[in-house]
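Welcome, and thank you for opening the viewer. Let us take a short walk through this structure, one selection at a time.

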Amino acid sequence: MKRTLLRSATVSFDAKSENESLSRIFVTGFVLPLGLSAEQLADLKTVVSEAVTNCIVHAYRSDPDGRIRLSIKYYSDGLLRMTVSDRGCGIEDVKQAREPFFTTDREHERCGMGFAIMETFMNRLQVVSEVGKGTRVTMEKRLNAA
Ligand SMILES: Nc1ncnc2c1ncn2[C@@H]1O[C@H](COP(=O)(O)OP(=O)(O)OP(=O)(O)O)[C@@H](O)[C@H]1O
Ligand SMILES: [Mg+2]
């Protein structure tokens with residue numbers, strides 16, 4: 001079956017922790033017409049929060065001038081793709097960063113589980129990053145076929 005794009009939306013916001021809730025509300029609103037279960041919705045909100053938090057605390061290291069872009073696409077075969085991107089510091093070793101319990105921030109009691117959670121809750125996780133340029137995290141979930 002050929003996959004066609006049914007619907008898409010993009011939002012861009014400041015890398016401030018107060019904006020984390022905005023990303024959850026944006027996702028919630030986008031998937032509302034799809035009638036997901038409470039559990040499916042909770043999973044989507046969790047992964048988007050993890051990705052956005054990473055931009056705020058790692059990519060921009062709390063620099064409030066940083067910008068985060070969140071894009072969501074829904075396809076005819078039930079695929080939901082969410083992309084979170086920043087123009088922050090980038091990740092030196094993506095493979096290592098994705099390992100459970102790896103963190104560069106022990107100081108703030110982080111446990112290094114963000115990417116592991118995204119990987120577990122979603123069907124596919126792609127992390128593309130360049131040091132000094134930024135990071136793009138793409139997460140895909142197959143929802144019930146449209
Ligand atoms: N957008 C990003 N920009 C720069 N570095 C990142 C970004 N996202 C993740 N990282 C790096 O990857 C590491 C692992 O991220 P991950 O989310 O798995 O754990 P964490 O954020 O350290 O801890 P937790 O998510 O459990 O609070 C981070 O410690 C950080 O070094
Ligand atoms: Mg994290």
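On this tour, contact means heavy atoms within 4.5 Å. This is a predicted model, in which local features need pLDDT of at least 70 and side-chain atom pairs count only at pLDDT 80 or more, while totals for chains, interfaces and linings use all residues. Residues are numbered from 1 along each chain as its sequence is written, chains are lettered from A and ligands numbered from 1 in the order in which they are written, and side-chain values use heavy atoms, with hydrogens and water left out.

**Stop one: threonine 135.** Select threonine 135, which sits in strand S5 (residues 134-142). Helices (H or I, at least four residues) and strands (E, at least two) are DSSP runs, numbered from the N terminus. Beyond its neighbours within four places in sequence, threonine 135 is in contact with Val84, Ser85, Asp86, Gly90, Ile91, Val127, Val128 and Ser129. Now show the side chain of serine 129: the side chain of threonine 135 makes a polar contact with it at 2.8 Å. Such a contact is a pair of N or O atoms within 3.5 Å; within protein, one must be able to donate a hydrogen and the other to accept it, and residues adjacent in sequence count only if both atoms are side-chain atoms.

Is threonine 135 buried or exposed? With a relative accessible area of 8%, threonine 135 is buried. The cut-offs are under 20% for buried, over 50% for exposed and in between for partly exposed (1.4 Å probe, protein chains only).

**Stop two: the core.** Next, select Ile68, Leu80, Met82, Val84, Met118 and Met139, the residues with the most contacts inside the largest nonpolar core, which has 30 residues. Helix H2 (38-59) is among the elements giving two or more residues to this core, and H2 gives the most, with eight. A nonpolar core is a set of buried Ala, Val, Leu, Ile, Met, Phe, Trp, Tyr and Cys residues joined through side-chain atoms within 4.5 Å.

**Stop three: asparagine 54.** Stay on helix H2 and pick asparagine 54. At 19% relative accessibility, asparagine 54 counts as buried. Not counting residues up to four places away in sequence, asparagine 54 touches Ala59, Phe115 and Met118.

**Stop four: serine 37.** Finally, move to the loop between H1 and H2 and select serine 37. Serine 37 counts as partly exposed, at 34% relative accessibility. A polar atom of the serine 37 side chain lies 3.1 Å from the backbone nitrogen of glutamine 40.
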